[in-house]
Amino acid sequence: MKRLLLALVANGLIGGAVFWFLTAPQKLDESMFAAIDGHEPDLGNGETLFWAGGCASCHAAPKVSGDAKKVLSGGLVLTTEFGDFAVPNISPSREHGLGNWSFEDFSNAMKKGVSPEGRHYYPAFPYASYAHMTIEDLSDLFAFLKQLPVSEEADKPSDIAFPFNVRRGLGLWKKLYLNDKSVISDAALGDDEQLLRGRYLVEGPGHCGECHTPRSLAGGMQRSNWLQGAPSPEGEGRIPGITNGPDNLESWSESDIAYMLETGFTPDFDSVGSSMADVAANYAFVPASDREAIAAYLKIIQP
Amino acid sequence: MPSKKIFLSLSAVLVAASVAYAQDPISDRQKAMKMVGGAAKSASEMIKGEKPFDAAAALAAFQTMNDVSKDFVSYFPEGSETGGDTTASPKIWEDRAGFEAAVAKFETDTAEAIAAAPADLDAFKATFGKVAANCGVCHKAYRISKN
């Protein structure tokens with residue numbers, strides 16, 4: 001009996017140690033930052049990435065429009081099956097936002113889902129997509145965010161259900177779902193500049209797959225069902241598939257897709273709803289060539 | 001008087017039909033939105049340069065939208081929350097005041113667009129942009145995604 005108990009305790013300790021080891025938050029390798037030695041941040045590109053990445057859709061105060069979308073006070077609550085996630089302030093406030101962050105802090109948040117204090121972020125923050133972004137683009141985006149208006153709004157607490165409230169467990173999730181390997185291979189795209197740009201925008205900053213790709217039980221994007229459509233992460237309704245399949249975008253031309261991204265109008269002049277309305281409002285500020293690149297990429301995705 | 005009888009029974013059929021029609025608000029609002037979509041299409045064709053700018057057609061598009069906006073909230077009575085292929089969000093009934101304010105803004109913006117009567121393509125682009133912004137704002141809050 002005593003031996004059994006000892007064995008159990010030992011198992012528990014070993015299990016705990018293994019869990020602790022496997023789930024440790026990992027930061028970017030320092031060598032990553034060599035790429036931006038001498039890089040002068042480009043605020044114009046930073047703004048393009050700000051709109052393409054949809055930062056304001058979650059981080060601006062709920063229901064604002066116009067210039068108020070550049071005040072990233074947080075405050076929206078994302079209601080999901082894993083719990084309620086309160087979106088944080090990422091304005092340049094030193095107390096409540098990212099005013100005191102270094103570029104390394106920002107990059108680790110965006111590409112590794114790790115906070116400056118070294119804790120895991122929940123993947124409601126779509127870092128599994130942002131992980132595809134280049135360090136130069138992150139540098140431009142960070143410079144753009146740093147010069148936006150300050151908000152002194154304090155973060156609301158999130159309300160997350162067990163076992164998902166054990167943050168450390170996200171280390172395992174990241175082992176399964178966080179990497180910067182492209183979903184659609186280089187071979188599938190040839191050397192086509194436009195398709196490569198489209199892939200970068202869709203798989204990276206645009207984070208299209210986060211809603212349009214079904215998730216596994218553990219909440220990771222199923223790359224084998226890339227962009228096939230999925231239940232809405234916020235409960236109501238269903239997110240449509242955006243592959244080139246018959247019930248998806250097959251009947252849309254590339255210019256139809258680009259026009260929808262610019263105006264929100266579908267080919268039969270319906271106007272897209274729910275969170276896609278924000279996406280279209282944001283992509284109106286992205287260069288036409290980028291909207292066209294996304295359209296070209298989506299047209300080669302097979303159902 | 002067989003012709004009178006026929007007339008009366010025909011009227012009865014028509015009344016019954018119109019009552020049935022009025023009792024299908026989901027279909028009514030979808031038809032209304034399709035009319036707005038048709039107007040947006042005609043506007044966009046001019047903006048995209050697929051058709052030449054026509055001041056009368058521009059005005060007609062705004063007029064259609066304004067006409068629809070006037071009765072629009074009546075197509076969302078209590079009890080029509082679900083059914084058919086509706087993509088109406090429950091928020092329409094949970095936040096009735098917000099929904100009605102959004103429709104009222106659409107009515108105001110389309111009325112202003114009619115009053116502005118844009119005379120050239122650039123003026124039309126600006127006016128239509130203001131009107132079309134209503135589509136996304138209202139659909140974001142009060143419509144769910146479903147396919």
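Mentor: A definition comes first: helices (H or I, at least four residues) and strands (E, at least two) are DSSP runs, numbered from the N terminus. Please keep in mind that this is a predicted model.

Trainee: Which share of the residues of chain B counts as buried?
Mentor: A residue is buried if 20 or more other C-beta atoms lie within 10 Å of its own. Chain B has 147 residues, and the share of them that counts as buried is 29%.

Trainee: Which element gives the most to the side of chain B that touches chain A?
Mentor: The contact takes 23 residues from chain A and 18 residues from chain B. On the side of chain B, α2 (25-47) and α6 (121-142) each supply at least two residues. By class, this side has five nonpolar, nine polar and four charged residues. The element that gives the most, with six residues, is α6(B).

Trainee: How far apart do the C-alpha centres of the two domains of chain A lie?
Mentor: The domain assignment of chain A gives domain 1 (26-177) and domain 2 (186-299). In the contact between them, 22 residues of domain 1 meet 25 residues of domain 2. Their C-alpha centres are separated by 21 Å.

Trainee: Which element of domain 1 of chain A gives the most to the side that touches domain 2?
Mentor: Two or more residues each come from α2 (43-52), α3 (55-59), β1 (77-80), α5 (127-130) and α7 (170-177) of chain A. By class, this side of domain 1 has 14 nonpolar, eight polar and no charged residues. The element that gives the most, with four residues, is α2(A).

Trainee: With which residues is Ile294(A) in contact, leaving aside its neighbours within four places in sequence?
Mentor: Contact here requires C-beta atoms within 7 Å. With those neighbours set aside, the partners of Ile294(A) are Gly198(A), Leu201(A), Val202(A), Gly206(A) and Leu261(A).

Definitions and conventions:
Residues are numbered from 1 along each chain as its sequence is written. Chains are lettered from A and ligands numbered from 1 in the order in which they are written. This is a predicted model: local features need pLDDT of at least 70, side-chain atom pairs count only at pLDDT 80 or more; totals for chains, interfaces and linings use all residues. Domain bounds come from an automatic or database domain assignment. Two residues are in contact if their C-beta atoms, placed from the backbone, lie within 7 Å. Ala, Val, Leu, Ile, Met, Phe, Trp, Tyr, Cys and Pro count as nonpolar, Asp, Glu, Lys and Arg as charged, and the others, Gly among them, as polar. A residue is buried if 20 or more other C-beta atoms lie within 10 Å of its own, exposed if 12 or fewer, and partly exposed in between; C-beta atoms are placed from the backbone.
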